[in-house]
Amino acid sequence: VDDLTKEFIAESQEGLDRMERCLTELETRPDDAGLLGEIFRAVHTIKGTTGFLGFDRLEKLAHAGEHLLGSLRDGRLAVTSELISGLLRLMDGLRAILVLIEETGGEGTRSGDEDGELIAELALLNGEMPPAVIEDELLHAVVDVGVAAVPSAKVSDTASAPASAAANSERNGAGNDKTLRIDVDVLNRMMNLVGELVLTRNQMLQSDRSAANFPELARRLDSVTADLRETVMQARMQPVGNLFGKFPRMVRDLARTCGRDVRVEFTGQETGLDKSLLEAIKDPLTHAVRNAVDHGIESPADRVLAGKPAEGCVRLRAFHQSGSVVIEVADDGAGIPMERVLAKAIERNLVTQEQAAGMSEREALQLIFLPGFSTAAAVTTVSGRGVGMDVVRANVEKVGGSVEVESRRGEGTTLRLRVPLTLAIVPSLVVRSGGQSFALPQSALVELVDIPQREFAKMVQRIGSAELYRLRERLLPMVWLDRLLGLEADSPETASHGHYLAVLEADGCRYGLVVDDLMSPEEIVVKPLSPVLREIGLFSGATVLGNGMLALILDVGATAARAGVKPIEEESVEIGAGEAATEESIGESFLIFEDRARERTALPLNMVERIESVPLERIEYAGGRPLLQYRGELLPLRDEGNVLPDLEAARQRGEEVLATVLICGDASRVGEQRVGMVVRQVLDVSTGTVLEKDAVSEAAGMELALVKEKLTLVRREFGSKATTLWQEVA
Amino acid sequence: VRIAGGDRVDEMQEENDAVSLCSLYAGSETFGIDTRKIREVLGERDLQRVPMSPEFIAGVVPYRGEVLTTVNLRALLGIAAYSGKGCVLVMEDDQAAERFGLVVDAVGGVVTVSQRTLEENPCTLEARGKWLFDGAYKMESGLMVRLDPQKLCPSRLSETGLFRKSTNGGMDASPDRR
């Protein structure tokens, strides 16, 4: 295939993609001349160019299509469902020939008769046209097939259309992998930056390390690299709309097979996503859309009965949110029937009867992500073929994303895929274990716990040989990275300062990974490993760290599996996806702690900088007010729950007492002094809803909030008061 | 290289005959690899070990924006690990499609030898040796064992199963010895 043909194929495919979008839109807005013009142009361009390149078969088909579209444009035909179907088949036909040309270099004649049928069908659709206008080759085609074939052609391929469409889109996808359209400006910028890079390198080679301008050169290299990285990323970014483009057609075909009436709506098509990620979420997203049409939206009759418009709606929405891209698939269908989910889960032995009875709606929803789960009553052609939501989740998690689901009975279901902006660069935390560095992806990291050596025995509990860490009254299985990997035991130096516990979550497993030391968080560039090392199964890649050393990237899910950590449904469900789902609507996280006499109190999480355990002896008093020397500053302590006297009493009894101090500071206010709050016990971090302020609590600088469905006091605005208090003392 | 005279046939003969080899050392033995099959000699490098990897994997090393897997020649030969830093050679990868490095004690230099001095592997060689070695050149100073980089490629080494780590942590005894 020569360059000219290649270019023609790429261009035609783009034209057909546009045509596909326009066609489904045309059905809803039949009078839009602009849409019609677009479709006409796509077919016309193909016809014009094929004649020039000598693809007769393609030209004939395109010509027939153009003719029909011409009649449509002149208003001699009205837009009907059959007409759209016919045009879609014309498009499939054109695509098939294009693929054939791409693969073989020729348009082939083996399946030539199909065209005849199609052309005849198009001619039939163009029925109003007087026979005299039929051009030679068209007549020829009709004659070829025989008039008898004409009526049957119309009925025959409605059923095969979805299948061929699916096959087509797959093939198209494969073809698009190899080529990418890049803005010339972006390419020029890249070239300029590479030029700059070369110049800087030359200068660096000529000057030596001690030269005066060396730091400046290093800085320039740094900025050029950053710019270059950004530009390349930009070039790799593709609008999500490219992916959405194929859905109208798919939904249309699907809706017809399932007997549904469905319309698709898009927002945020221009949202950019890395090309490789776009590929990675293509299948999960397709699956989600299929699910929405097949399981989500009810039949028109049911919808009318439920008081909803007969036509269902699937909304695809893409938008940026805190460094990741969120793609939502929302339907306005019946929602997920909770009792059927539970019944199914019990039937499949995924949960026990008792567990099911105690589950909240949100917990039960998460069951659909378990392997081997499908509620479809019958296996239809589109869904229920064993490709379940677990695969969707696994695929999205593979690229460092997450999946959330929300469902309201009678109002619909929303599936949310959250993916990072790019695959190649992953924010991670570098840890050390057994004298080696490993990178943990930040996306799997829940929290970090420091276990000082002297408290190790106290904090770590054992059942048999299994070690567990009690984290806020939850037992967390501990996995020693060095033992798991068969590395040498830690050096004496690490033994003295204790260990760190990285609380990780992946594939529904939550566990604490014990490492010797934490290094800096770094944005790492993922490099693939050779097959032999991939076989080990524990590392998803390697990366070069800032210090030039290599670090292996730990596959958090595989590590859990290797260590034998089993997914814990209830807990991980509650903490993981559940919280993330509510986060959006409420958007505030609280740190909940016990203050005075068992009362739940909360602080907005963004006000708490650190939680410290301080030996009671370190708390000093000045003028009767408690103070803590903390990182070179004097921290006034507030003890509103009268925790300190209790602790003091315990110390009198000879116990070694630690006070829990929340180091608080409002990051938004510059120069404000931090305050330490002495609390009895930290309970949890959770999201909550702030309730209406009432006069009493407001006067005390407090608000009420619902956190985890319990009433909780929230403190605010205490910083400034504390400062004034402190000034009085001084 | 001896410069051949005017005789054309002689010259051809000479060109076909001479091979440049890169000499390398592991333990007490000298090895040679055809220079055309070596992409680059990296010299001494710090290797990052990979836990749970087969014994013969020396580790990984950054190389031109890639992560290069290296094979430890000493481990393949079944001799104790080298005390110093190993020397890394990067193998040409046009056929195997998998680029890898070879870690040896030291790299000597390029020597040109006549193809005629090459002897085949002795038939008494045990299985692992038969896999690793590709004949030997008779040099004045002794024998230089020829290595075939294609056979040293990590995925092929692991395919053969000859160098699999046994449960006791050591290398499997070769089938011949068992």
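Buried means under 20% relative accessible area, exposed over 50%, and partly exposed in between, with a 1.4 Å probe and protein chains only. The model is predicted, so local features need pLDDT of at least 70 and side-chain atom pairs count only at pLDDT 80 or more, while totals for chains, interfaces and linings use all residues. Residues are numbered from 1 along each chain as its sequence is written, chains are lettered from A and ligands numbered from 1 in the order in which they are written, and side-chain values use heavy atoms, without hydrogens and water.

**Exercise 1.** Classify Arg317(A) and Glu328(A) by accessibility, and state how the two are linked.

Solution. Step 1: Arg317(A) has 37% relative accessibility and therefore counts as partly exposed. Step 2: Glu328(A), at 8%, counts as buried. Step 3: the two form a salt bridge (a side-chain nitrogen of Lys or Arg within 4 Å of a carboxyl oxygen of Asp or Glu), with the closest N and O atoms 3.1 Å apart. Step 4: Arg317(A) lies in strand β4 (residues 312-321) of chain A and Glu328(A) in strand β5 (residues 324-331) of chain A, so the pair ties together parts eleven residues apart in sequence. Here helices (H or I, at least four residues) and strands (E, at least two) are DSSP runs, numbered from the N terminus.

**Exercise 2.** Describe the salt bridge between Glu404(A) and Arg416(A), and name the network that it joins.

Solution. Step 1: the closest N and O atoms of Glu404(A) and Arg416(A) are 3.5 Å apart. Step 2: Glu404(A) is in strand β6 (residues 402-408) of chain A and Arg416(A) in strand β7 (residues 412-420) of chain A, so parts twelve residues apart in sequence are tied together. Step 3: both residues are buried. Step 4: through shared partners, salt bridges join Arg317(A), Glu328(A), Glu404(A), Glu406(A), Arg416(A) and Arg418(A) into one network.

**Exercise 3.** Locate the salt bridge of Glu20(A) and Arg95(A) in the chain.

Solution. Step 1: the closest N and O atoms of this pair are 3.0 Å apart. Step 2: Glu20(A) belongs to helix α1 (residues 3-28) of chain A and Arg95(A) to helix α4 (residues 81-104) of chain A; the pair links distant parts of the chain, 75 residues apart. Step 3: Glu20(A) and Arg95(A) are both buried. Step 4: over all chains, the count comes to 29 salt bridges.
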